[in-house]
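Thanks, everyone. Let's take a quick look at one model together.

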Amino acid sequence: MTESTIESSTDSTGGTTTGTDDVWEPHAPTAAGGLRRLYADGLDLRVSGTGTARGIADGVVEVTAEGAGEVRIEWRVPCVDATALWTPEPRGTGRLPAAWSAPRRTSLANGAPIAALVGTGDVALCAFAAGRPDVLTGAGVVEETGEFRFWAQATDRLTVRIDTSRRHFGRALADLAAWWGEGRTADIPDAARRPAYSTWYSMHQDITPKGVETQAALGKELGLDVIIVDDGWMTADRTRGYAHCGDWEPVSLPDTAAHVRRVHDLGVRYMLWYALPFIGKDSAAYREIGHLALADAAHMGAIVADPRHPEVRAFLTDRLARAVEEWGMDGLKVDFVDWFARAAESADAPPARPGADCATVDEGVERLLAGIRGRITAADPEAMIEHRQPYVSPGLWPYATMIRATDCPLSPQENRQRTVDVRLAAGPVPVHADMLMWHQGEPPEQVACHLINVLFSVPQVSVDLAAQSEAQRETIAFWLGVFREHTDTLQLGELLPARPDLGYPMVTARGADTVAVARYAALPVDVSGGDWHTLLVANADADPDVRLTGGRGQVAVTVQDARGRIVRQGEVELDRADAIVVPRGGLLTLRRA
């Protein structure tokens, strides 16, 4: 491992390079003062300001640039055998952009500065992460040379880690997320990893105590240990606007504390939804703090409150903490945090008004979230907080106990891709699926496929459980049992998804002695290696013939259908096994003696 430093305005040959003259960049700023060469462990870098680089491990380099104003770090790799650029953004993975494409701007409340160029065999040709959340990044194919160029830019000081080790991209990203997590202690309640019921798709705003308690009771019977009550509890309006946000009075949940106790008596934890940034124009809160607006969300019937002001933070913190402190809730679903970032980055964003005590919106957001987390955990150390994609920044990890994939109703492939993408960059924070919904006539096999598509996250279910058929209920209960029994492997094991360019047609998680594979296409399953005692294959493809490759020795075989009914038991020799028939929505379990 080596360390290199540049401090002059010239490269090693005595000349200055811009690093951008040969790439058309209509959407990106040019680095001030030009870029200079810096070499580290075979990586040819361009850095503005004072640059240092040091090797961290084989194929991993840490680069820092410092200077007055904007500093940039840029590098290129041959675009050979490349298949996809991975990012944690919704719909962000699966293509190779051009170098002149618009850059990504991340902040504390929007996105995360991490990406990977993935090659054939799912190797990371180049993965990187920045050490601060507020970064402008670019990545894309240089048409003139066939190279892939990355760059990252921030104010005054920037550190990035670059991984060209050609490991599986999931392992490279896990190490980058671990770097983010150094010095952070994850305090995650067990309930944050338990399957949950959400009222959003099943009830929307039609919230009543009886309706909530009915679904909580039915859900508990099936294995749903948490209920998340969404929009509608704070208003009698059912038009799905946000004009009534801000007061956060339990209009649709009278005698709230008693209602919460009844849910707790069922053995179910209770979380409550809040649209944190919005102060509705029909609320009393608007008359109190509406003048401290960061943006006017007119089409939402609300304003975005400016968290740079202490009175705004105090107001919002008091309103949200009340759910835990007074009503006995077990946590909060904190929604729309990314709207703070959207408003701050808009051309109409106002400067801080007199009385603001934060220089930036990010600072105000962090103080706000820290205040909310501090208040509710003082009342209940096990209190939970849900955040949602795209606000997945590691800077927010101390203030969340779960991150949910953003909305994709009745879209199993989209839910699969989003949960896997977030998992790869979420470090210690549990990742929840977007709420699962389906038509009442959905066959049990497809209900199972909805669940299998989010197998490596925490499922949230949002259908009317009272309207489900017996076969549908059996399917839900069976698959939730799989989630619960194998949490350590599915949620905490090493995640190795395949083919991001194809939307992850197969995903594998490796635990201490259990391997779980979800099959979303007619692909063979590698069962090689002697490190597993139990190997699970969840089949979400219409092709029932599961071919096992690479294995040796005798194993016990159990095949269950979508409802958990056993359709085959016996033993097979792995190196001589024919395809094993696993029904769509079913589960194959292999066990060594």
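How many bridges pair strand S4 with S5, and in which sense? Before the answer, two notes. This is a predicted model: local features need pLDDT of at least 70, side-chain atom pairs count only at pLDDT 80 or more, and totals for chains, interfaces and linings use all residues. Residues are numbered from 1 along each chain as its sequence is written, and side-chain values use heavy atoms, with hydrogens and water left out.

Now the answer. S4 (residues 50-57) and S5 pair in the antiparallel sense over 7 bridges. Strands here are DSSP E runs of at least two residues, helices are H or I runs of at least four, and both are numbered from the N terminus. Strands pair if DSSP finds at least two bridges between them. Gly55 has Val61 in S5 as its bridge partner. S4 and S5 form a hairpin with 2 residues between them, and Gly59 in the turn has a positive phi of about 80°.

S5 (residues 60-78) also pairs with S3 (residues 43-47), antiparallel, over 3 bridges. There, Arg46 stands opposite Glu74. With S11 (residues 147-163), S5 pairs in the antiparallel sense over 16 bridges. Ala65 has Leu158 in S11 as its partner.

On to the helices. In H7 (residues 338-345), Asp338, Trp339, Phe340, Ala341 and Ala343 are buried, meaning under 20% relative accessible area with a 1.4 Å probe, protein chains only.

Last, H6 (residues 310-325) and H8. The axes, lines fitted to C-alpha atoms over the stretch in contact, come within 9 Å and cross at roughly 25°. H6 and H8 are therefore roughly parallel, the term for angles under 35 degrees.

Note on methods. Buried < 20%, exposed > 50% of the residue type's maximum accessible area, 1.4 Å probe, protein only. Axes fitted to C-alpha atoms, helices over the stretch in contact; angles between N-to-C directions. Parallel < 35°, antiparallel > 145°, perpendicular 65-115°, else oblique.
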